[in-house]
Amino acid sequence: MLKINAPEYVLMTRYIEAHCGIHLEKDKEYLIESRLSDLAAETGCRSFQEFHFKARTDATGRLRDRIIDAMTTNETSWFRDQSVWEYLEATAVPALLEQAGRTGAVRIWSAAAATGQEAYSLMMMLDEGARRRGAPWLLDNIEILATDISTTALAAAMAGRYDAIAINRGLPEEKRRKYFTRQEQSWVFDERLRNRVRFKKFNLQDPFIFPFSFDLILCRYVSIYFSESFKRAMFAKLAAVLKPDGVLLLGATESLREFSDDFAITYYKNAVINTKKIRGLKDPGHGTAKEMGYGYG
Ligand SMILES: C[S@@+](CC[C@H](N)C(=O)[O-])C[C@H]1O[C@@H](n2cnc3c(N)ncnc32)[C@H](O)[C@@H]1O
């Protein structure tokens with residue numbers, strides 16, 4: 001394994017933070033060594049200084065993407081954190097389906113989608129909810145945007161193909177039978193629902209420019225990797241693209257309390273529900289989520 005020295009560590013951590021926001025404290029040398037040594041060797045570099053120079057001067061952006069891929073942690077599972085999914089099933093999903101029937105447009109963002117389990121878990125829940133109402137067509141009015149910075153995670157998400165380990169992490173057997181087809185050693189997610197999720201590469205450091213605002217954002221288990229200043233900026237951008245009374249869900253180990261006062265914080269069992277506060281005029285043309293009984297679970 002290639003060893004990293006102190007000045008090289010400064011160069012590499014700055015490069016990584018500049019390109020994907022991942023903030024490495026002191027003493028994380030092993031992380032860079034273990035995740036980037038092979039790539040450095042593959043590109044013919046004999047030191048991290050050389051590797052940093054190569055990355056910095058790579059006009060194609062391909063090496064940068066591979067470094068980001070190697071440094072991001074794409075850990076995820078189906079229906080991750082039970083209370084969050086209980087909240088979604090009992091409160092948010094019924095309200096969103098109702099809204100889909102009334103106003104015709106519901107927008108959801110899975111903002112660090114990794115290999116797709118979060119977006120597909122939500123799709124299954126929405127599909128079951130719509131069918132229970134005898135209105136499967138409601139899904140036509142719901143768009144899930146799923147984004148991630150990692151090219152390889154996104155490719156896996158789009159393929160919707162999971163191996164035996166991934167499929168068994170949190171997915172109830174009955175849902176596996178209903179929504180997945182076995183293909184050799186893999187399980188492939190229902191094509192009809194898969195095509196309803198729009199996957200896109202997106203860096204949370206970039207400006208959030210969307211032609212619409214969102215009813216629900218899941219931005220889970222990603223702020224843990226970011227600096228305080230990045231968290232503050234990211235929560236402000238998330239608030240700006242949420243509808244008044246829209247909900248932001250974070251991972252169980254994450255909190256926006258110290259970084260934003262744009263949200264009212266409530267609880268549903270162990271889940272923290274961050275609801276965008278209403279300031280000034282409401283979103284014209286839409287009923288707000290609260291009017292529909294959606295916010296403040
Ligand atoms: C631990 S996974 C979380 C997956 C899922 N949200 C969940 O809760 O199970 C974190 C994801 O954030 C992505 N990520 C890291 N930095 C990012 C950035 N700056 N912009 C967008 N996505 C990023 C990683 O590629 C990774 O797939």
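**Ground rules.** I'm looking at a predicted model, where local features need pLDDT of at least 70, side-chain atom pairs count only at pLDDT 80 or more, and totals for chains, interfaces and linings use all residues. Residue numbers start from 1 along each chain, as its sequence is written.

**Domains.** I looked up the division of the protein and found domain 1 (6-71) and domain 2 (82-276); such bounds come from an automatic or database domain assignment. Taken over C-alpha atoms, the centres of the two are separated by 30 Å. Next I checked where they touch: 7 residues of domain 1 are in contact with 11 residues of domain 2. (Contact here asks for C-beta atoms, placed from the backbone, that lie within 7 Å.) On the domain 1 side, α4 gives the most, with 3 residues. By class, I noted 3 nonpolar, 2 polar and 2 charged residues on that side. For the classes, Ala, Val, Leu, Ile, Met, Phe, Trp, Tyr, Cys and Pro count as nonpolar, Asp, Glu, Lys and Arg as charged, and the others, Gly among them, as polar.

**Helices α1 and α3.** Helices are DSSP runs of H or I with at least four residues, strands are runs of E with at least two, and both are numbered from the N terminus. I took helix α1 (residues 6-20) and helix α3 (residues 48-56), whose axes come within 9 Å and cross at roughly 30°. That makes the pair roughly parallel, a label for angles under 35 degrees, while over 145 is roughly antiparallel, 65 to 115 roughly perpendicular and the rest oblique. Axes are lines fitted to C-alpha atoms, for helices over the stretch in contact, and angles run from 0 to 180 degrees between N-to-C directions. Glu8, Leu11, Met12 and Tyr15 of α1 meet a group in α3 that includes Phe48 and His52.

**Helices α2 and α4.** Here helix α2 (residues 29-42) and helix α4 (residues 62-71) have axes that come within 9 Å and cross at roughly 150°. The two are therefore roughly antiparallel to each other. Arg35, Leu36 and Leu39 in α2 meet Arg66, Ile67, Ala70 and Met71 in α4. This contact has 5 nonpolar, no polar and 2 charged residues.

**The sheet of 7 strands.** I traced an open sheet in the order β6-β2-β1-β7-β8-β10-β9, with mixed pairing; two strands pair if DSSP finds at least two bridges between them. Neighbouring strands are turned by 20° against each other on average, direction ignored. Inside the sheet, β1 (residues 106-110) and β7 (residues 214-218) pair in the parallel sense over 3 bridges. There I found Ser110 opposite Leu218. Helix α7 (residues 151-159) packs on the sheet, touching β2 (142-148) and β6, and its direction makes about 165° with that of β6.

**The sheet of 3 strands.** The other open sheet I noted has the order β3-β5-β4, with antiparallel pairing. Its edge strands are β3 (161-162) and β4 (180-183). I counted 2 bridges joining β3 to β5 (residues 186-189), and these strands run antiparallel. Tyr162 stands opposite Trp187 in β5.

Terms used: Contact = placed C-beta atoms within 7 Å.
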